[in-house]
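Dear colleague,

I am passing on the structure we talked about, with my notes on what turned up in it. Please look through it before reading on.

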Amino acid sequence: MYPDVLHLGDHSYIAAHAYVTGDIRAGADCTINPFTVVRGTVTLGNGVRIGAHSSLLAFNHGTSPELPVHQQPVTSRGITVGDDVWIGSHVVVLDGVTIGDHCVIGAGAVVTKDLPAWTVAAGNPARRIRDRREARGAAQHAGVSGGVAPGGAASGVEASGVAASGSEAPHPAPEPSALAGELSAFAATARAQAADLLDHCRQPGTGRYVDRPGTEPTVRAHCDAVEIAELLLGEAPPHLSAAEHAARLRALQDPTTGLVPEYGAAPPVPGPAGLPGDGASAYHVLCVGYALDLLGSSFAHPVHTVRTTTADQLVRHLAGLPWRDRAWHAGAWVDSWATAAHWNLRLGTEAAAPGALEALFGWMHTHADPWTGMWGSPTPDSGRLQMVNGYYRLTRGSFGQFGLPVPYAERVIDTVLDHARDPRHFSPGRENACNVLDVIHPLWLCARQTTHRAEEARSWAATQLTAALRRWHPGRGFPFGPTPDGTGPGREPGLQGTEMWLAIVWLLADLVGLADVLGYRPRGIHRPEPALPAEGTA
């Protein structure tokens, strides 16, 4: 970097191995990626992304035959790039060019002439392909893939193009007024059918709840029933009083460990840092605790196995979790441990051994990837799925639950929006409640801290919201959705799918500013407010 003038706006950066000389002025949220060359007088607006190996060359040599090349005079007219511009990888922009606002330049293009606002261009020389505001389908075969990774950084897997094949939503986002009408009608229907739905999933004889008819009763199904009833009816499931529901759930807790086993299972065996590595008892820390909270009650005992966890034990366990290839499982463990610590504080006991809760947040801050904002890595078979889904679980139980800001919020949004274009997980017929929740919750959470790419996030949320409302089955609720291995709740409507999609619908609606139309607000596992003030970590 040898600039005469260098001005970088807020949240802008120049990556390693870039080459920068001359008079360079960039607005806010600009990214100059690795191995990019920017020379001469170059002015970038706000929100400009320049892909790796690109060159903005705001100078030129003369070509007079009387002089050798190295003695030719240099001229410079300058390059100007407007706001909200994406310049893909290996692009060359020549001196004197002005690129208008909202343009997208495809990988490998050579830009020799001015481009008006909203132009999608590609080729050598670059030519207009379409207006960016037009339908996106034409771009899928036009070579517009830009190679700009989330936050402008390499992430270990291929970067998404402007319109990855198969990843487009089937319909454009609806108008707010139309969407508000759909939301209001849905909420009225769901409330009218809630009692029948709950009755449909109650096992005759035992009085226990099943996720869907024909399956075995589970503790989670009872908790899902409590959450659904509170959301739609504002009271406990009508089959018992709130006190009777609470008594049944409180009686399930093992007094020695503080954990809750599945019906008929032996008491759970805690892991080295206080919790089992996976399984029902780990999730029961969340669902039973919040079901009891909604019923006006609480656990009968602290989660003793977490209360005695030391900071050293916790840090060793965090370091040994499978972040690289099973980030969801690692994030789920953190979610359960942090939630157990939260319940312990709510009961008036120590969350864990002295310093352990602080060690948790310290470890997470120092191990978050500044390029993606996440913990974990993409995998070849599922892309960013594991680390994005793990991010939701981890932040739900820690930063979200304790009311603390997440690190690198802008990079998280970049990563999540890129993941949401992956057709393996987000194309018609492939979306399930887990994957949609694990995108909307990080977007919603980070939107509390930044307006970065807010319009893109709202557009995605509006499109997903329309699709979600159409998944409701009259009198039976929502299906969870397809899973790659064919296990889990699947495509049949049930309590788990209904509980999750009701929360998803609220989060999607809130991001687009329409949550009030629904007339409900999650207060359980997916509550938007912190469950414990930040000072509770002290």
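To begin with the packing, a nonpolar core here is a set of buried Ala, Val, Leu, Ile, Met, Phe, Trp, Tyr and Cys residues joined through side-chain atoms within 4.5 Å, where buried means under 20% relative accessible area, exposed over 50%, and partly exposed in between, with a 1.4 Å probe and protein chains only. What you have is a predicted model, in which local features need pLDDT of at least 70 and side-chain atom pairs count only at pLDDT 80 or more, while totals for chains, interfaces and linings use all residues. Residues are numbered from 1 along each chain as its sequence is written, and side-chain values use heavy atoms, with hydrogens and water left out.

Confidence and overall make-up

The predictor's confidence in each residue, pLDDT, runs from 0 to 100; its mean over the protein is 88, and 90% of the residues reach 70 or more.

The protein has 13 helices and 17 strands, which are DSSP runs numbered from the N terminus (H or I over at least four residues for helices, E over at least two for strands). Of its 538 residues, 55% count as buried, and among contacts with a separation of 6 or more, 57% are between residues 24 or more positions apart.

In soluble globular proteins, nonpolar side chains tend to be buried together. The largest nonpolar core in this model has 118 residues, of which Phe186, Trp337 and Val505 touch the most other members. Helix α13, residues 495-511, gives the most to this core, with eleven residues. Apart from this core lies another, of 29 residues, among them Ala18, Val91, Val97 and Ala109. If neighbours within four places in sequence are set aside, the contacts of Val505 are Leu183, Phe186, Leu465, Ala468, Leu469, Phe478, Leu518 and Tyr520.

Aromatic rings

Rings of Phe, Tyr and Trp (the six-membered ring of Trp) pair if their centres lie within 6.5 Å, and planes under 30 degrees apart count as stacked, over 60 as edge-to-face and the rest as tilted. By this rule there are 14 aromatic pairs. In one of them, Tyr13 and Trp371 have ring centres 6.0 Å apart and planes at 70°, so the pair is edge-to-face. Because Tyr13 lies in strand β2 (residues 13-14) and Trp371 in the loop between α8 (356-367) and α9 (385-402), this pair ties together parts that are 358 residues apart in sequence. Tyr13 is buried, at 18% relative accessible area, whereas Trp371 is partly exposed at 36%.

Phe186 and Phe478 form a tilted pair, 5.7 Å centre to centre with 40° between the planes. Phe186 belongs to helix α1 (residues 176-200) and Phe478 to the loop between α12 (454-469) and α13, so here the parts tied together are 292 residues apart in sequence. Elsewhere, ring pairs link Phe361, Trp375, Tyr391, Phe399 and Phe402 into a cluster.

A charge sits over a ring if NZ of Lys or CZ of Arg is within 6 Å of the ring centre and within 35 degrees of the ring normal. The charged end of Arg208 is placed in this way over the ring of Tyr263, 3.9 Å from its centre, and Arg448 lies over the face of Trp444, at 4.3 Å from the ring centre.

Cysteines

Taking a disulfide as a pair of cysteine sulfur atoms within 2.5 Å, the structure holds zero disulfides. For Cys223, the nearest cysteine sulfur is that of Cys287, 3.8 Å away, which is too far for a bond. Cys223 counts as buried at 1% relative accessibility, and Cys287 counts as buried at 2%.

Backbone details

The peptide bond from Asn124 to Pro125 is cis, with omega near -5°, and Pro125 is found in the loop between β16 (119-122) and β17 (127-131). His90, although not a glycine, has a positive phi of about 60°; its place is in the loop between β11 (86-87) and β12 (92-94), and it is partly exposed, at 49% relative accessible area.

With best wishes

Conventions
Contact means heavy atoms within 4.5 Å.
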